[in-house]
Amino acid sequence: MNQKPLNPITAQDIAQFQADGVVCLRGMFDSEWIGRMQKAVDRIMDAHNPLARPREVTQALGGTSGRYHINSFVWHWDDDFKDYVMHSPNAEIAATLMGADEVRVFYDQVFVKEPNTVEMTDWHHDLPFWPMRGEQILSVWVALTDVTHENSALEYIAGSHRWNKFYRAAIPDKDPNFKSTLEECPNFSELKNDPQYRFLSWEMKAGDCLVHHPLTVHGAAGNFSPTKRRAAISTRYFGPDATWDPRPATMKVTGDPQLPAGQHPSHDGVFPVAWRRAAAMA
Ligand SMILES: O=C(O)CCC(=O)C(=O)O
């Protein structure tokens, strides 16, 4: 299993990430990682671990076909996920795009949409949902299956991370704990013909990844394939400029270190260091 990205991350990739708030990196994870994490996802989806945090979106919304399953902070209780967040190419990819000398794990999140799942991923950006602030925070969304426009490819709005917007957290199963007075994120699916927005979306092979800034607006349609699952793990990492900001209506962190607001969350048990430049260069 590769620990370093299989392909170089170029200056152009970094420039694109900075300008658009998202970049697609091809062929970064080898087939051993993909096979191992596909099996791990199958295992954790119905596991009864006390630390499991499943959200069954299809069920919660009264859907009658398919399954939209989300699970978060899995690395706290599953060794394959722990190895994946700590020792796969994820952390070096994150460090390279953030320009950070040290990268800590924030959390991992599994997204599975089985065939015939109509539930969309509502348009949103991530930061309003998180008890965190900073520029050096990002997500590495790794495709564990091939991804097509039919089976729920993610869509992004280029440059939306620079809009100075902070939209209300959009929770797929409409959990009322996240209600807030923040402005609601528009349904950009209805604005596809508006020339002021540049939509970005990629069909992907398993092992490709998307890296996005925490304020880049994104969403996805349902999985309308009758046969093909769409599965991904989105791992969130942060660098030295991130600070703890436990606002109301934000996500509870597994193992919450109860840090004071404004502090860098350098709690090794909850946010372990996954990459340091000095060690990587040695
Ligand atoms: O995979 C999905 O549908 C949603 C992913 C997402 O919103 C994220 O990784 O931030």
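**Burial, strand pairing and ligand surroundings in a predicted model**

Val147 lies in the loop that connects β7 (137–143) with β8 (154–157). The model described here is predicted. Val147 has 26 C-beta neighbours inside 10 Å and is therefore buried, the threshold being 20 or more. When residues up to four places away in sequence are not counted, Val147 touches Ala153, Glu203, Met204 and Arg230. Pro8 is 139 residues from Val147 along the chain, and the C-alpha atoms of the two are separated by 22 Å.

The loop between β7 and β8 also holds Ser152. Ser152 is buried because 26 other C-beta atoms lie within 10 Å. The phi of Ser152 is near 90°, a positive value in a residue other than glycine. Most residues other than glycine have a negative phi. Gln258, which is not a glycine either, has a positive phi of about 50°. Gln258 belongs to the loop between β13 (243–244) and β14 (273–276). With 8 C-beta neighbours inside 10 Å, Gln258 counts as exposed, since the limit for exposure is 12 or fewer.

In soluble globular proteins, nonpolar side chains tend to be buried together. For Leu144, leaving aside neighbours within four places in sequence, the contacts are Ile34, Met37, Gln38, Val41, Ala206, Ala231, Ala232 and Ile233.

Ala94 is also one of the buried residues of helix α5. Helix α5 (residues 90–98) is mostly covered, with 9 of its 9 residues buried. Besides Ala94, the buried residues of α5 include Asn90, Glu92 and Thr96, together with Ile93, Leu97 and Met98. Just after α5, Gly99 takes a positive phi of about 70°.

Strand β12 (230–238) is likewise mostly covered: 9 of its 9 residues are buried. Arg230, Ala232, Ser234, Arg236 and Phe238 point one way from β12, while Ala231, Ile233, Thr235 and Tyr237 point the other way. In a regular strand the side chains alternate between the two faces of the sheet. β12 pairs with β4 in the antiparallel sense over 9 bridges, and in this pairing Gln109 stands opposite Ser234. β12 is also joined to β7 by 7 bridges, and these two strands run antiparallel. Within that pair, the bridge partner of Val140 is Thr235 in β12.

A separate description applies to β8. An open sheet is formed by 4 strands in the order β5-β11-β8-β9, with antiparallel pairing. Its edge strands, each pairing on one side only, are β5 (121–124) and β9 (199–201). On average, neighbouring strands of this sheet are turned by 25° against each other, direction ignored. β8 pairs with strand β11 (residues 218–220) over 3 bridges in the antiparallel sense. Ala220 in β11 is the bridge partner of Leu154, and Gly219 in β11 is that of Glu155. β8 and β9 also pair in the antiparallel sense over 3 bridges, with Phe199 in β9 as the bridge partner of Ile157. Leu154 and Tyr156 point one way from β8 and Glu155 and Ile157 the other way, and all of these residues are buried.

The residues around the ligand are Phe111, Thr121, Asp126, Ser139, Trp141, Leu154, His218, Ala220, Ala232 and Ser234. The elements that give two or more residues to this shell are β7, β11 and β12. By residue class, the shell around the ligand divides into 5 nonpolar, 4 polar and 1 charged. Leu154 and Ala220, both in the shell, are bridge partners in the pairing of β8 with β11.

Terms used:
Residues are numbered from 1 along each chain as its sequence is written. This is a predicted model: local features need pLDDT of at least 70, side-chain atom pairs count only at pLDDT 80 or more; totals for chains, interfaces and linings use all residues. Two residues are in contact if their C-beta atoms, placed from the backbone, lie within 7 Å. Two strands pair if DSSP finds at least two bridges between them. Axes are lines fitted to C-alpha atoms, for helices over the stretch in contact, and angles run from 0 to 180 degrees between N-to-C directions. A residue is near a molecule or strand if its C-beta atom, placed from the backbone, lies within 6 Å of it. Ala, Val, Leu, Ile, Met, Phe, Trp, Tyr, Cys and Pro count as nonpolar, Asp, Glu, Lys and Arg as charged, and the others, Gly among them, as polar.
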